[in-house]
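Please keep both in view while going through the numbered points.

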Amino acid sequence: MNSAARGAGRWVFVLTILTGSFLLFLVQPMIARMALPRLGGAPAVWNSAMLVYQALLLGGYAYAHALGRLRPRTQGLVHLALLAGAALWLPIGLMQADLPAGAQPAFWVPWLLLGSIGPLFFAVSAQAPLVQRWFATASGGRDPYALYAASNLGSFAGLICYPLLVEPLMASRQQSWAWTLGYLLLAALVAACVTMLPRTAAAEGTSVPVETPPQRGQVVRWTLLALVPSGLMLATSTYITTDIVAMPLLWVLPLGLYLLSFTVAFADRRGAADFITRMAPITILLFGGVMMAGYRSGPWFTLFVALLLLFVASVSLHTALYRQRPAPERLTGFYLAMAAGGALGGVFAGLIAPVLFDWTWEYPILILAAGALAPQTFLTAGLRNLWWGRRWWIAFGTVLAGLAMLVTLGIEDGAAGGLEGRGLFFLALGALGLASIGARPAYVAVLAAALMLFGGYRSLLLSLEPGARIRSYFGVYTVHLGARLRELDHGTTVHGIQLAGSIARERTPTTYYAPGSGVGRAMRRAPALYGPGARIGVVGLGTGTLACYAQPGQLWTFYEIDPTVARIARDPARFTYLARCLPDAQIRIGDARISLSHAAPGSLDLLALDAFSSDAVPMHLLTREAFATYARALSPRGLLLVHISNRFLDLEPVVAAAARDGGWRAVTLDYKPSALDTTASVSLWVALSRDPGVLTALAGDERDWRPTRARAGLSPWTDDYSTILPLLRR
């Protein structure tokens, strides 16, 4: 093959690997979006889906590795046959199956996703290692690893394009057909690559010497270097949405930067990767301390630091992988070890950590692991001579003595709350760390001390306090018990406040549910609207605050997705709303929409939907089909209350569009409590009914209910189409 033909052939391989990676990361959010109405919005659903994707990716890489035993042209023909067989699952979509009301994500999600896209995902996931190996063969032994940078660039493009372009512009069915066309293009590109492969073993002509198989220790190092960035990406997503800011779509940023780190680390031009890798120990040390300090007054700055820390750590560890890459004939085994590490990182951060820890302890653990594995070089020749000289013990002893002094001062002076603002302390710890870069044991000791003193110690004290913090797949819940106040926090969001000190105070609704709020007024008027036997449903239990509006003879049902929240609300040692006001309340665990779809028609008179105040929006609860479910469960004169207070999204036009589409009348109450009322919160509630007389009776003589604000051109969300981009607050 002449140089011109080889240049053209290279671009065919590059385009093939870009297309395959683009489709792979486009189908993940696409199929998850399609599954949302069927499986509900539980984080356990996404954890299970993540494991399905990683298992299929690992299987695809194992298949590519096994295929390496065949001749190149035979490999291509076998893979084309696999692509043709997987095409039977086109166009992509969910297999038809009716799930029971109590469907467990751990079982149903793998079954549903494997049956829906398993063969397609498996076939496309094998694309990256196969095409790289084929390129090395077809080009006469040229280094194929730069194509992995192109692969991750395609992955990043697919990930970003879905929320920014595909979801806002296409309904699910259109997305499915567009992906089908992309798959057919991919198959054609693979066929073009196969035509460039040699037909016989004698024609392979590689210029790369045959390399001996890697030792077990080398495979373990590859796996660890892939495990830590994968786990850190998921841990960063959990940490920033739990302890910094719970903003929708925020998970895209860590995953996107994780993918970009491969592009930098495996690029032909090494300048950026080498510079970032050299700076990584400094960045991990300083920014790790900043992250653990947790500056709540500057969440956007902290978010920037968290993302930069993830990117730098990932680039450095992936650069270490690049530096240890084997010859092209061992390429598929190398990527198989990387895929295994990525899957193990996901299992640790996504499944094991929520069960094992009561806080996001996986985050500092993985930061420490990144610091221990990142390549290190001494900052100056003098430091190198000091650590490597005969008197190395002086440097090591100095660092240990300095650490002992700082740890003692930190604990005695209140490391649980006072160190964050003490710049001199931070500078002293940083100086020890900078002096120890290159001497890995000393550096790891300084990094561990920094993580512990600047936040880890404070979190450890809270973890040691019995019952103060509980973790589930839905997040971290922190309970603060004071003499006059009890508070439940879900990450950075207040989930409920109860007054303490007397029975009357404990029965007082607070925060978003105060008597003057929209839901408070509706609950107080329920006896007049529906009589003494009103049937009331509440989506979202929280601390059980709304239970204190219950009247004798009423039938109340709470719909709560997290069993942990139900246990907290029922525990009188923490909160007594249920114990004082409604000890026999019915609590149905599971996704509310799925539970309500199994409710008897007309079985509720009033339904309060309180699932949006935590800023993580369950979109499937605001679609046309969801409102049809609510209408079916409500009586003809039923009243629906929707809580739409949100720091980042303006949800009022979405509810207005759904009301217009479903024949509802809607009014909104902006509640702003008096400055003297410190227990009530600003809240926004929308009341909907198909009977205008119900809304008239609800408002009564009060004139602060207003028509719900619509937005011209905004269509109602459906299970087939929704986007939050037009709703972001500026």
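**Note on the predicted model**

1. Arg 270 lies over the face of Tyr 322, at 4.0 Å from the ring centre. Arg 325 likewise lies over the face of Tyr 322, at 3.9 Å from the ring centre. A charge is taken to sit over a ring if NZ of Lys or CZ of Arg is within 6 Å of the ring centre and within 35 degrees of the ring normal.

2. On the basis of these values: this is a predicted model, in which local features need pLDDT of at least 70 and side-chain atom pairs count only at pLDDT 80 or more, while totals for chains, interfaces and linings use all residues. Residues are numbered from 1 along each chain as its sequence is written, and side-chain values use heavy atoms, with hydrogens and water left out.

3. How buried is Tyr 322? Tyr 322 has a relative accessible area of 9% and is therefore buried; the term means under 20% relative accessible area, with exposed over 50% and partly exposed in between (1.4 Å probe, protein chains only). Phe 266 is also buried, with a relative accessible area of 0%.

4. Phe 266 and Tyr 322 form an edge-to-face aromatic pair, with 5.4 Å from centre to centre and 80° between the planes. Because Phe 266 lies in the loop between helix H9 (252–265) and helix H10 (271–293) and Tyr 322 in helix H11 (residues 299–323), the pair ties together parts that are 56 residues apart in sequence. Rings of Phe, Tyr and Trp (its six-membered ring) pair if their centres lie within 6.5 Å; planes under 30 degrees apart count as stacked, over 60 as edge-to-face and the rest as tilted. Helices (H or I, at least four residues) and strands (E, at least two) are DSSP runs, numbered from the N terminus.

5. By the ring rule the count comes to 22 aromatic pairs. One of them is the tilted pair of Phe 262 and Phe 266, at 6.3 Å centre to centre and 45° between the planes. Phe 262 is buried, as is Phe 266. Ring pairs link a cluster that includes Tyr 61, Trp 222, Phe 262, Phe 266, Tyr 322 and Phe 334.

6. An open sheet of 8 strands, with mixed pairing, has the order S7-S6-S5-S8-S9-S11-S10-S12. Its edge strands, S7 (586–589) and S12 (705–707), each pair on one side only; pairing requires at least two bridges found by DSSP between the strands. Strand S5 (residues 535–539) and strand S8 (residues 604–609) pair in the parallel sense over 4 bridges, and Val 538 stands opposite Ala 608 in S8.

7. Helix H24 (residues 652–662) lies across S9, S10, S11 and S12, running at about 0° to S11. Axes are lines fitted to C-alpha atoms, for helices over the stretch in contact, and angles run from 0 to 180 degrees between N-to-C directions. In helix H23 (residues 624–633), the buried residues include Phe 627 and Tyr 630. Among the elements covering the buried residues of H23 are S8, S9 and H24, where contact means heavy atoms within 4.5 Å.

8. The count comes to 1 disulfide, a disulfide being a pair of cysteine sulfur atoms within 2.5 Å. Cys 548 and Cys 581 form this bond, with their sulfur atoms 2.0 Å apart. Cys 548 is in the loop between S5 and S6 and Cys 581 in helix H21 (residues 577–581), 33 residues apart. The torsion about the S-S bond is about 75°, so the disulfide is right-handed. Both Cys 548 and Cys 581 are buried.
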